[in-house]
Amino acid sequence: MELYAESLTEYKRLKTLEVKVGDLLIGNYHPIRIQTMTTTDTMDTIGTVEQSIRCIEAGAELVRITAPSKKEAENLLNIKNELHKRGYKTPLVADIHFTPNAAEIAARIVEKVRVNPGNYVDKKKFELIEYSDADYEEEIERIRNRFTPLIKICKEYGTAMRIGTNHGSLSDRIMSRYGDTPVGMVESAMEFLRIAESENYYNIVLSMKSSNPKVMVQAYRLLIENMENELGHCYPLHLGVTEAGDGEDGRIKSAIGIGTLLEDGIGDTIRVSLTEDSEFELPVCKNIVKRYSNRNNEQSDVPPVKNISNIFPDLTGTHVRETFSVENTGEKNVPVVVADFHKKNKITRGDLKDIGYRYNTSMDKWNIGDMAADYIFCGNNEIDFALPGTLRLIYSYDSWKSLKDQSKCFPLLTEQQFLDETSPLSPVINFVQLDCYSASRSNFDKEKLFAKIKSNKKIVLSLSSENKNAVQSIRRMFGELNERKIKNPAIIYCNSNKDSMAESLIHFAIDAGALLVDGFGNGIFLSDHFYDRNKIPDYKFINSIAFGILQATRTRISKTEFISCPSCGRTLFDLQETTAKVRAVTHHLKGLKIAIMGCIVNGPGEMADADFGYVGSGPGKITLYKGKEVVKRNLPEAIAVEELINLLKENNAWVEPELVLS
Ligand code: SF4
């Protein structure tokens, strides 16, 4: 093991115990399973059955259904029977919060129960209490007494269990001792796991979800380290980013959190939680899992990098690669975005709209948006108009050399061109493309190349990999740079040849996001080649994905962040419509985190680090929060969005939309 994975530079799956959920096997190198959760009222038997079937048909291998109280838990039997009658034997999972009696009923009916250790026994009061060791032990004993009956039922009925910790719903006890941290998340699960093992019950899957992919990734890694050290084995892991939201942002956040771990061989089952109908989650899951179905280690003939672990000094999740700055890259600069326009025959002013620059002809002025790319890679195409102030151009080296005016233009050299070059380069910034996979294997003088990079303080690397294991290849290269104390900034070049944008989004988010989450990379350069070479990329979408990746990895904030739950049988209003309404009026509030949560039972806890919350508190009623504090209770839904705007104004968090340049 290297820290938390079998390998940090090769693709190898983590060995986990085998868990049986009905006839489905999870863990122990079985394929990565995909699952979802219904959004219907659990008392609506036919509605839930029909939605479950839509999900199963879309690929779900497990279907989770909420059981908020005993009556819903009992109704799981009707749902299961009806599904069986219609020929569907897919395992069902009961989702439990706060209600051990519902869990004990459900465990006799369905194949798996999910308990949240943050609220299975504890009622959350948001209280900070000082616990002595004796007090703490007493609390653990209380949990043991309440949790053991469920374990005994699961053992008797052959029911599996997920101990599903959520960052936003840790118990007051854990919060008081460990705070709102990944360490607290891990300890919350370990308390329950120790009790289960003391009863010789091992049919367990674990999860560590958060709406922040960085927190989520760190928590899973810490959990693995803890399980290995304390128990000597690992339970299968279910991966997911909670309250990821909807649309492109929800998919990017989920892909980054889930994909970062899958790249390291971690994860036995996944769910992509979207504020959309459940069946839309499955194609996203499939596109993620597809990447690993035939993944072998294509790097086995590459010599190992020494001391790779020393690039992650610890598991605190705070690692950032040390770099110096070159122009606007590296050191304290936010990661840059490079737009790839090399396929365009002619670049016009109008084209720049797709990458955040809007030209006002009558005023002869550029408006620069929050998601304005920093560089355009033009290939060999010259631009014949004056550029907006902050925008710069990158040219293929040979074309750059022949430019008359190089003032805002910089070269991109291949590694061989850079090695061979003796004439002066740009005194400002030069990009050197390095294919990390072939660089590890080719015969060119690698040490000469490294020495030349190190001695030139105007070089920014553009790291790519044609290998399927691109994350590992590029991480290896960061290891090599680290060994040689090379501190030149490096941007991550990511090429997609997928045949749909939905798949390209997943590819970009994982390949670039997995490195950025770990503090590697001073920019991203996304390029979409498609299988069809004649197809023109969707530049606006790619630019938006680039900024979405930076936002989700919290490396560059350019827009409002929406944290919205996927909804479930507890939801008290039309969450999708409401999320769209809130988004429409607040999408311009850069950096603000707004949560839209379906119920008052879990919503306030789950919305984690949101600045403001819009939470369903009864049919047609909304309660507004500032952080964790209730500020406007039980507002009629019809005026709640207006009241949210008023609340933002009262807290100086509001900007009039017309004042924002877009
Ligand atoms: S917060 Fe949303 S998903 Fe979670 S229990 Fe409440 S309604 Fe269901």
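I looked up the E9 pairing and found 2 bridges joining E9 to strand E10 (residues 269–270), the two running parallel. Strands here are DSSP runs of at least two residues, helices (H or I) of at least four, numbered from the N terminus; two strands pair if DSSP finds at least two bridges between them. This is a predicted model, where local features need pLDDT of at least 70, side-chain atom pairs count only at pLDDT 80 or more, and totals for chains, interfaces and linings use all residues. Residues are numbered from 1 along each chain as its sequence is written, and side-chain values use heavy atoms, with hydrogens and water left out.

I then traced the open sheet of 8 strands, whose order is E8-E7-E6-E5-E4-E3-E10-E9 with parallel pairing. Strand E8 (204–209) and strand E9 (238–239) each have a single partner strand and stand at the edges, so one side of each has no neighbour in the sheet.

Next I took helix H8 (residues 247–263). Its 17 residues reach 23 Å from first C-alpha to last, close to the 24 Å expected at 1.5 Å a residue (1.5 Å times one less than the number of residues). In H8, 14 of the 17 residues are buried (under 20% relative accessible area, 1.4 Å probe, protein chains only). Glycine 265 follows H8 and has a positive phi, near 75°.

Last, I listed what surrounds the ligand: Cys565, Ser567, Cys568, Arg570, Thr571, Gly598, Cys599, Asn602 and Gly603 (a heavy atom within 4 Å). I sorted this shell into 3 nonpolar, 5 polar and 1 charged, with Cys counted as nonpolar, Arg as charged and Gly as polar.

Key
Buried < 20%, exposed > 50% of the residue type's maximum accessible area, 1.4 Å probe, protein only.
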